[in-house]
Amino acid sequence: MGYARRGGELCAEGVPLERIATAVGTPVYVYSWRSVHEQYRRIEHALAGVDHRICYAVKANSNLAILARLAKLGAGFDIVSGGELERVLRAGGDPKRVVFSGVGKSTADIDFGIKCGIDAFNVESASELARLEARARLHGCTARVSVRVNPDVDANTHPYIATGLKESKFGVPPAEALELFSRASASPDLAVAGIDCHIGSQIADVEPFEAALTALLRLVDVLGGEGIGLDHIDIGGGFGVAYGNEPALDLDVLGEVIRRSLAERRLQLRIEPGRSLVADAGVLLTRVEYLKPAPAPGHRNFAVVDAAMNDLIRPALYQAWHAVEPVLANSGGTRQWDIVGPVCESGDFLALDRELALNEGDLLAVRTAGAYGFVQSSNYNTRPRAAEVLVDGEEFAVVRRRETISDVLRPETFG
């Protein structure tokens, strides 16, 4: 979508990546707006004929420039902190199109959401519902509630990103959900708005979504029998993308399942895609600092680059696989290289066992890095975080400048 080779050089839309690296330095995250926009439209097309709202999961990539452009497309937003709500507001997002998820909303988070008049709090425990009710009463407002149900559906994904099983910290079991709906319905300080779930990330099969949707609709029918009506049903996100040769979720098939399941029901569908909108849109650019060929057969070849696990932690944290390729084609002989960073950890790697032709100084593109890349970065080893660049057609702009050491040290004192 947003990336292709022109004359052997990898480009983001109409901009050569080498030009960006020369102007901005490395490491740097680059995002293609065309890629994000096209994927947003693809999801819209898959849901044609269904009353729906796309609530972008801000945690996937929270850069203000991307949020602002999504807001102009009419997107809502799924947030998990007061900080993410502030980002949405600064980007021009409508708080009435915001849903607030997360198991640990603080009192300050709840107060902020109430004062902004967000669309709904996705409540994940009885204690949270009680706190939300008390804060709404204190502020003299009515807070809209959607209960997050844990449907005990196996999403067949990495255990760190599976969130819909009964042993997960997220949501509440169906029986408890019914109790929370009853309490919320009886409260003058709360308004029942919807029901939701999120069963995990990187889901490539439609069947887990269908099972979760069926479980939610059973509860909707029970609630209807008790006189508790809902205005929306939220099936979360987690739509799988292809990092390598694995299949991506077939959005059109998912759309067919949703149309069939919600036919004749007056419920707006909410979905919360994050990764599926921005992952393919991003690359992490990094330069090869040193090559350390194996000293003997059976040893490993190391390509030491200027990006590290503090810039992209997914390979170390999730054993995630990202394609890596030289921005400029290299005609030299290939070897099996480990692409490693300068951080003092043996787990500091971006890719292992990649057959590449490399020279010192080569610019590499780590692909599918638009989601959970920069947002999970840190200052480990006192490394300033990378810059972020947004490409739109033939132009690019720095949408987050590179941190300096002064930026990193500024909050600290000698006590």
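In which helix is A136 found? Select A136 in this predicted model, and you will see that A136 belongs to helix α6, which covers residues 126–139. Colour the residue by accessibility and A136 turns out to be buried, because its relative accessible area is 0% and buried means under 20%. If you hide its neighbours within four places in sequence, the residues in contact with A136 are I114, C141, A143 and D189. For a sense of scale, draw a line from the C-alpha of A136 to the C-alpha of G92: the two are 25 Å apart in space and 44 residues apart in sequence.

**Two pairs of helices**

Next, select helix α4 (residues 82–90) together with helix α5 (residues 107–116), whose axes come within 9 Å and cross at roughly 30°. Angles under 35 degrees count as roughly parallel, and α4 and α5 are therefore described as roughly parallel to each other. To see where the two helices touch, show G82, L85, E86 and L89 of α4, and then D109, F112, G113 and C116 of α5. Sorted by class, the residues of this contact are 4 nonpolar, 2 polar and 2 charged.

On the α8 side, pick out F209, E210, L213 and L217, which meet L254, V257, I258, R260, S261 and L262 in α9. Among the residues of the contact of α8 with α9, 7 are nonpolar, 1 is polar and 2 are charged.

**Aromatic rings**

A pair of aromatic rings is described by the distance of the centres and the angle of the planes. The count for this structure comes to 4 aromatic pairs, and two of these are visited here. Select Y29 and F374, whose ring centres are 6.3 Å apart and whose planes stand at 90°, so the pair is edge-to-face. This pair links distant parts of the chain, since Y29 sits in strand β4 (residues 28–32) while F374 lies in the loop between β18 (363–366) and β19 (387–392), 345 residues apart. Both Y29 and F374 are buried.

How are the rings of F100 and F121 arranged, stacked or edge-to-face? Their centres are 5.9 Å apart and their planes are at 15°, so the pair of F100 and F121 is stacked. Here too the pair links distant parts of the chain, with F100 in strand β7 (residues 98–100) and F121 in strand β8 (residues 120–123), 21 residues apart. F100 is buried with a relative accessible area of 0%, and F121 counts as buried at 2%.

Select P273, which lies in the loop between β12 (268–271) and α10 (275–278). Although this residue is in a loop, P273 is buried, with a relative accessible area of 0%. Leaving out residues up to four places away in sequence, P273 touches I43, I54, C55, Y56, A57, G237 and F239. A C-alpha to C-alpha line from P273 to I235 spans 10.0 Å, and the two are 38 residues apart in sequence.

Then go to E18 in helix α1 (residues 17–24). With a relative accessible area of 18%, E18 is buried, because the cut-off for buried is under 20%. Beyond residues up to four places away in sequence, E18 touches E9, R287, V327, L328 and L363.

**Backbone details in the loops**

For the last stops, show the backbone. The peptide bond from T26 to P27 is cis, with omega near -5°, and P27 is found in the loop between α1 and β4.

E264 has its place in the loop between α9 and β12, and E264 is exposed, with a relative accessible area of 83%. Finish at Q319, in the loop between α11 (314–318) and β15 (324–326), where phi is positive at about 55° although Q319 is not a glycine. Q319 is exposed, with a relative accessible area of 57%.

Definitions and conventions. Residues numbered from 1 in each chain as written. Predicted model: local features only at pLDDT ≥ 70, side-chain atom pairs only at ≥ 80, totals over all residues. Heavy atoms only, no water. Contact = heavy atoms within 4.5 Å. Helix = DSSP H or I, 4+ residues; strand = E, 2+ residues; numbered from the N terminus. Nonpolar A, V, L, I, M, F, W, Y, C, P; charged D, E, K, R; others polar. Phe/Tyr/Trp six-rings, centres within 6.5 Å; stacked < 30°, edge-to-face > 60°. Buried < 20%, exposed > 50% of the residue type's maximum accessible area, 1.4 Å probe, protein only. Axes fitted to C-alpha atoms, helices over the stretch in contact; angles between N-to-C directions. Parallel < 35°, antiparallel > 145°, perpendicular 65-115°, else oblique.
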